[in-house]
Amino acid sequence: MSKNGIYDNFAPMSSVIDRIAKAITVLWVAPVSVFALPLLPLTLWRASWRVNGGVLEITSPGLSWFLQGPWFRAMSGGTGFAAATIGHVLVARDRRCMNTCRVHEHVHVRQCERWGALFPLAYVAAGMYAAWRARRWTAYYWDNRFEREARAAEV
Ligand SMILES: [Zn+2]
(Lines give C-alpha, C1' and ligand atoms only; values in the text may rest on other atoms or scores of the structure.)
Protein backbone atom coordinates (compact mmCIF):
# COMPACT_ATOMS: atom_id res chain seq x y z
CA MET A 1 0.00 0.00 0.00
CA SER A 2 1.54 3.29 -1.06
CA LYS A 3 0.83 6.61 0.55
CA ASN A 4 -1.28 7.72 -2.41
CA GLY A 5 -3.53 4.63 -2.16
CA ILE A 6 -6.24 4.42 -4.78
CA TYR A 7 -4.97 7.45 -6.71
CA ASP A 8 -1.96 5.41 -7.87
CA ASN A 9 -4.28 3.77 -10.39
CA PHE A 10 -4.99 7.08 -12.05
CA ALA A 11 -1.38 8.18 -12.29
CA PRO A 12 -0.58 6.53 -15.67
CA MET A 13 -3.86 7.83 -17.12
CA SER A 14 -3.13 11.40 -16.00
CA SER A 15 0.30 11.23 -17.63
CA VAL A 16 -1.33 10.17 -20.93
CA ILE A 17 -3.80 13.04 -20.68
CA ASP A 18 -0.88 15.33 -19.85
CA ARG A 19 0.98 14.23 -23.00
CA ILE A 20 -2.12 14.71 -25.17
CA ALA A 21 -2.69 18.16 -23.67
CA LYS A 22 0.95 19.10 -24.38
CA ALA A 23 0.67 17.86 -27.99
CA ILE A 24 -2.53 19.88 -28.49
CA THR A 25 -0.79 22.96 -27.07
CA VAL A 26 2.14 22.52 -29.49
CA LEU A 27 -0.30 22.22 -32.43
CA TRP A 28 -2.34 25.20 -31.22
CA VAL A 29 0.80 27.38 -31.12
CA ALA A 30 2.32 25.88 -34.32
CA PRO A 31 0.86 28.55 -36.67
CA VAL A 32 3.01 31.06 -34.74
CA SER A 33 6.04 28.79 -34.19
CA VAL A 34 6.45 28.25 -37.97
CA PHE A 35 7.38 31.93 -38.31
CA ALA A 36 10.69 30.98 -36.67
CA LEU A 37 11.56 28.90 -39.77
CA PRO A 38 12.88 31.85 -41.85
CA LEU A 39 15.48 32.36 -39.08
CA LEU A 40 16.92 28.89 -39.74
CA PRO A 41 19.80 30.15 -41.97
CA LEU A 42 20.96 32.29 -39.04
CA THR A 43 21.48 29.15 -36.95
CA LEU A 44 23.79 27.34 -39.37
CA TRP A 45 26.93 28.70 -37.73
CA ARG A 46 27.90 28.08 -34.09
CA ALA A 47 24.31 27.72 -32.85
CA SER A 48 23.32 26.18 -29.56
CA TRP A 49 20.01 24.29 -29.41
CA ARG A 50 18.15 23.13 -26.34
CA VAL A 51 14.61 22.10 -25.38
CA ASN A 52 13.58 23.56 -22.04
CA GLY A 53 10.07 23.25 -20.58
CA GLY A 54 8.59 22.42 -24.00
CA VAL A 55 10.30 25.45 -25.57
CA LEU A 56 13.04 25.26 -28.20
CA GLU A 57 15.82 27.64 -27.10
CA ILE A 58 18.35 28.70 -29.74
CA THR A 59 21.31 31.07 -29.58
CA SER A 60 23.79 31.90 -32.35
CA PRO A 61 25.89 34.80 -33.65
CA GLY A 62 23.47 35.07 -36.61
CA LEU A 63 20.49 35.42 -34.28
CA SER A 64 22.44 37.97 -32.27
CA TRP A 65 22.86 40.05 -35.44
CA PHE A 66 19.13 39.71 -36.20
CA LEU A 67 18.06 40.77 -32.69
CA GLN A 68 20.24 43.91 -32.91
CA GLY A 69 19.02 44.85 -36.40
CA PRO A 70 17.53 48.29 -37.18
CA TRP A 71 14.00 46.78 -37.19
CA PHE A 72 14.30 45.95 -33.47
CA ARG A 73 16.39 49.01 -32.59
CA ALA A 74 13.53 51.21 -33.83
CA MET A 75 11.04 49.27 -31.74
CA SER A 76 13.04 49.20 -28.52
CA GLY A 77 14.50 52.68 -28.88
CA GLY A 78 17.86 51.19 -27.87
CA THR A 79 20.22 48.46 -29.00
CA GLY A 80 17.55 45.99 -30.08
CA PHE A 81 16.51 42.93 -28.13
CA ALA A 82 18.45 40.39 -26.11
CA ALA A 83 15.90 37.68 -26.88
CA ALA A 84 12.57 37.09 -28.64
CA THR A 85 9.80 34.50 -28.54
CA ILE A 86 8.14 33.07 -31.64
CA GLY A 87 5.53 30.58 -30.44
CA HIS A 88 7.41 27.70 -28.87
CA VAL A 89 10.74 28.96 -30.21
CA LEU A 90 12.88 31.24 -28.07
CA VAL A 91 15.88 32.93 -29.70
CA ALA A 92 18.56 34.90 -27.86
CA ARG A 93 21.85 36.61 -28.69
CA ASP A 94 23.85 34.18 -26.54
CA ARG A 95 23.66 31.90 -23.52
CA ARG A 96 23.93 34.79 -21.05
CA CYS A 97 21.01 36.67 -22.68
CA MET A 98 19.02 33.43 -22.73
CA ASN A 99 19.49 32.98 -18.99
CA THR A 100 18.65 36.62 -18.20
CA CYS A 101 15.55 36.71 -20.42
CA ARG A 102 14.15 33.22 -19.86
CA VAL A 103 11.49 34.16 -17.26
CA HIS A 104 10.29 37.13 -19.35
CA GLU A 105 10.21 35.17 -22.61
CA HIS A 106 8.43 32.19 -21.07
CA VAL A 107 5.60 34.57 -20.12
CA HIS A 108 5.29 35.31 -23.86
CA VAL A 109 5.15 31.56 -24.49
CA ARG A 110 2.22 31.28 -22.02
CA GLN A 111 0.52 34.29 -23.69
CA CYS A 112 0.91 32.59 -27.05
CA GLU A 113 -0.52 29.35 -25.66
CA ARG A 114 -3.53 31.38 -24.49
CA TRP A 115 -4.12 33.22 -27.79
CA GLY A 116 -2.88 30.65 -30.30
CA ALA A 117 -2.67 31.87 -33.90
CA LEU A 118 -4.30 35.16 -32.86
CA PHE A 119 -1.38 36.10 -30.59
CA PRO A 120 0.65 38.06 -33.19
CA LEU A 121 -2.47 40.06 -34.08
CA ALA A 122 -3.33 40.65 -30.42
CA TYR A 123 0.26 41.73 -29.74
CA VAL A 124 0.33 44.18 -32.66
CA ALA A 125 -3.10 45.56 -31.72
CA ALA A 126 -2.01 46.04 -28.09
CA GLY A 127 1.18 47.74 -29.30
CA MET A 128 -0.63 50.07 -31.71
CA TYR A 129 -3.10 51.00 -29.01
CA ALA A 130 -0.28 51.71 -26.54
CA ALA A 131 1.62 53.82 -29.11
CA TRP A 132 -1.52 55.74 -30.03
CA ARG A 133 -2.37 56.43 -26.39
CA ALA A 134 1.14 57.60 -25.54
CA ARG A 135 1.65 59.34 -28.94
CA ARG A 136 5.12 57.70 -28.97
CA TRP A 137 6.30 54.90 -31.25
CA THR A 138 8.48 53.25 -28.55
CA ALA A 139 5.35 52.84 -26.39
CA TYR A 140 4.37 50.13 -28.89
CA TYR A 141 6.87 47.94 -27.09
CA TRP A 142 7.28 49.48 -23.62
CA ASP A 143 3.57 50.06 -22.83
CA ASN A 144 2.29 46.99 -24.68
CA ARG A 145 0.14 45.06 -22.19
CA PHE A 146 1.84 41.77 -23.11
CA GLU A 147 5.27 43.28 -22.41
CA ARG A 148 4.10 44.76 -19.13
CA GLU A 149 2.84 41.35 -18.04
CA ALA A 150 6.18 39.74 -19.00
CA ARG A 151 8.20 42.44 -17.22
CA ALA A 152 6.08 42.08 -14.09
CA ALA A 153 7.10 38.40 -13.88
CA GLU A 154 10.82 39.19 -14.03
CA VAL A 155 11.45 39.89 -10.34
ZN1 LIG B 1 8.86 40.82 -24.07
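**Entry 1: a loop residue**

I started with Arg46, which sits in the loop between helix H1 (11-33) and S1. I kept in mind that this is a predicted model. What is the phi of Arg46? I found a value near 50 degrees, which is positive in a residue other than glycine. Next I asked myself: is Arg46 buried or exposed? I counted 9 C-beta neighbours inside 10 Å, and the cut-off for exposed is 12 or fewer, so Arg46 counts as exposed.

**Entry 2: another arginine**

I then looked up Arg135, in the loop between helix H5 (119-134) and helix H6 (139-142). Arg135 is not a glycine, yet its phi is positive, at about 55 degrees. Arg135 counts as exposed because it has 7 C-beta neighbours inside 10 Å.

**Entry 3: the whole protein**

Time to step back from single residues. How many helices and strands does the protein have? I noted seven helices and four strands. I wrote down their order from the N terminus on as α-β-β-α-α-β-β-α-α-α-α. The C-alpha atoms fill a box of roughly 65 × 40 × 30 Å along the principal axes. Of the 155 residues in the protein, 23% are buried. I also looked at contacts with a separation of 6 or more: residues 24 or more positions apart account for 50% of them.

**Entry 4: the sheet**

In which order do the strands lie in the sheet? I traced an open sheet of four strands, ordered S1-S2-S4-S3, with mixed pairing. Strand S1 (48-52) and strand S3 (83-86) are the edge strands, since each pairs on one side only. On average, neighbouring strands of this sheet are turned by 20 degrees against each other, with direction ignored.

I picked one pair to follow more carefully. S3 pairs with strand S4 (residues 89-92) in the antiparallel sense, and I noted four bridges between them. Which residue in S4 is the bridge partner of Ala83? I found Ala92 there.

**Entry 5: a helix across the strands**

My last stop was helix H4 (residues 95-115). Which strands does H4 lie across? I listed S1, strand S2 (55-59), S3 and S4. I also noted its direction: H4 runs at about 35 degrees to S3.

**Entry 6: looking back**

Two things I want to remember from today. Arg46, with its positive phi, belongs to the loop that comes between H1 and S1.

Definitions and conventions
Residues numbered from 1 in each chain as written. Predicted model: local features only at pLDDT ≥ 70, side-chain atom pairs only at ≥ 80, totals over all residues. Pairing = 2+ DSSP bridges. Helix = DSSP H or I, 4+ residues; strand = E, 2+ residues; numbered from the N terminus. Axes fitted to C-alpha atoms, helices over the stretch in contact; angles between N-to-C directions. Contact = placed C-beta atoms within 7 Å. Buried ≥ 20, exposed ≤ 12 C-beta atoms within 10 Å, placed from the backbone.
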